[in-house]
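Subject: Structure handover

Hi,

Here is the structure for your files. My notes on its strands follow below.

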Amino acid sequence: MQQYDVIIIGAGPSGAIASKTCAEKGLSALLLEKYGIPRFKLCGGAVSMSALSHLDFGIEKDLIERECYGERVHFKNHQIEVRRKSRMAILVSRDKFDAFLVSKAVDAGVELHEVEKAISISPKQSKIVVETNKEKYNAKVVIGADGVNSIVSKYVRESYTPDELGLCIAAEIPASNEDVNEYIENAVDIHYGIAKFGYGWVFPKEKHFSVGVGGILSSMKNPRNTFMTFLKELGFSTDVITHAHLIPSGGYEREVCSDRIILVGDAAGFVDPFYGGGIKYAFISGKLAAERVVESCENDEFSKSALDSYKGLCRTMFGENLKYSLRLTRLMNEYPNIFFRLLSSNKQVIDKGFEVSAGEMEYKEYVRWFIPRVPYFMLKTLLPF
Ligand SMILES: Cc1cc2nc3c(=O)[nH]c(=O)nc-3n(C[C@H](O)[C@H](O)[C@H](O)COP(=O)(O)OP(=O)(O)OC[C@H]3O[C@@H](n4cnc5c(N)ncnc54)[C@H](O)[C@@H]3O)c2cc1C
C-alpha cells in the first residue's frame, strides 16, 4: 500500500492550496479528485481582491473574464449602482480557475490522482487509511477539502442542518460580449428580496452571464419556479440548463478536526453567509491546515487536541468576521423591507459594504457603523432631502 505524509481529498481551491503548501514544505502529498480536471463547478466565480491577496502567485490574464469595480443593487422598485476606483474582484469560470490552482499544486510536487473518488477513511493508532474506488492508501493525516457534501466531515462533526445550508440554482446564459457589456460592464448585478437569506445575481462573464438565485435551504420551497420567475423578469430566456448546488453557511461554531483529520473550505463550513463567498476562506483555511500538518509531521503528533490549534487560528483569522456576517444576515431577514430599502437607496450604506467585501473592513465594524445610523438613513430614504 502506498504511503504519504498527507492525503488531501478534493481539488477545489481549498485542496489545491492546502496540497501546494504541504508539498512546498517538503511533505509527500497525494491530492484526490473524483472528477477529471478541469471539472465543472457551479459558482458565480467572483474572486475578491482580498481573496487573491492570500495567494503567493499571480493569476494568468486569460482566466480573468471580467473585472468588477462595483455593484448594481435592486430591491423591489429601488435600484442603485455604486462604483469604486479600485478593482474589487475578478470574475472567472471555476473550471479553468480551479484547474490553474491545481496546476500550481502539481508544479510544487503534489501527486494528483484525478477521477479517483475517496470512499472511506479509517483513522488508526499510527496512520490513517483512505480507500478510493481504485486503491487503498496510508497517510499520517488527511485534509478534507471535499466541499459541502464532504464525506470526510462525517468523521468530524454532525451534518449541516437545513438552516445552515443555502441552496443555489443557476445557469450560464450565452450572450455576445457586446450584450454582456450593455447589460452590465465591469460590475455585478444583485437582486435582494428574491429568496430568504440570499439574493439573485447576474454576473458578466466571457460570452455568457452567470445568473442564479440562492437562499436558505429550509425556505426554498420551489427553487426552480423562483429561478424561472427571476429569469423572466430580467428578460432572459427560460430555455436554459439549470444546475443546483448547496452552500454551507459560516458563522457557526463547528468541530473542524478529529484525530488525524482536518477539514478546510466548504467541508469546514467556511463561507460568508451574507455574500455566499467561500473562495477566500478556502485559500486561508487550506494554507493554515497545511501549516498545521507540517508542524504535526515534525512533532509526530496527530491527535485532535494537537490539530485543534488550527481551529483557533481560523477563529482568529476570520471566524469572528463570519459570526458578525451571520448576525447581519439574520438582522436583514428579520427586517427585510427596512434593511434592503436602506441598502438600495443609500449610496453610503453600499459604499461601506464594499469595504467589507473588499476585505478592508470587518463585518463587526460594519454592524457598529450601520446600526446607530439606521434612523438617519430611514429619514433620508423616506424624505428626499
Ligand atoms: C452557486 C454558487 C455560487 C457561488 N459563488 C461564489 C462566488 O462568486 N465567490 C466565492 O468566493 N464563492 C462562491 N461560492 C462558494 C464557493 O464555490 C465555495 O466556497 C468554494 O468552491 C469552496 O472551495 P472548496 O475547495 O472548499 O470546495 P469545492 O470547490 O466544492 O471543491 C471540492 C472538490 O472536492 C471534490 N470531491 C468531493 N468529494 C470527493 C471525494 N469523495 N473524493 C474525491 N474528490 C471529491 C469535488 O469534486 C470538488 O472538486 C458559490 C457557491 C455556489 C454554490
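Cys-168 stands opposite His-245 in S16. On S15, Cys-168 has Gly-214 as its bridge partner. Strands here are DSSP runs (E, at least two residues), numbered from the N terminus.

This is a predicted model: local features need pLDDT of at least 70, side-chain atom pairs count only at pLDDT 80 or more, and totals for chains, interfaces and linings use all residues. Residue numbers start from 1 along each chain as its sequence is written.

Strand S12 covers residues 165-174. Six bridges join S12 to strand S16 (residues 243-248), and the two run antiparallel. S12 also pairs with strand S15 (residues 208-216), again antiparallel, over nine bridges. Pairing requires that DSSP finds at least two bridges between two strands.

Is S12 mostly covered or mostly open? Mostly covered: seven of its ten residues are buried. Buried means 20 or more other C-beta atoms within 10 Å of the residue's own, with C-beta atoms placed from the backbone.

Next, the open sheet. Three strands make it up, in the order S3-S7-S4, with antiparallel pairing. Its edge strands are S3 (46-48) and S4 (66-68), each of which pairs on one side only. From one strand to the next, the twist averages 25°. Axes for such angles are lines fitted to C-alpha atoms, and angles run from 0 to 180 degrees between N-to-C directions.

S4 and strand S7 (residues 89-91) run antiparallel and are joined by three bridges. Which residue of S7 is the bridge partner of Arg-66? That is Leu-91.

Best wishes

Technical notes: Helices (H or I, at least four residues) and strands (E, at least two) are DSSP runs, numbered from the N terminus. A residue is buried if 20 or more other C-beta atoms lie within 10 Å of its own, exposed if 12 or fewer, and partly exposed in between; C-beta atoms are placed from the backbone.
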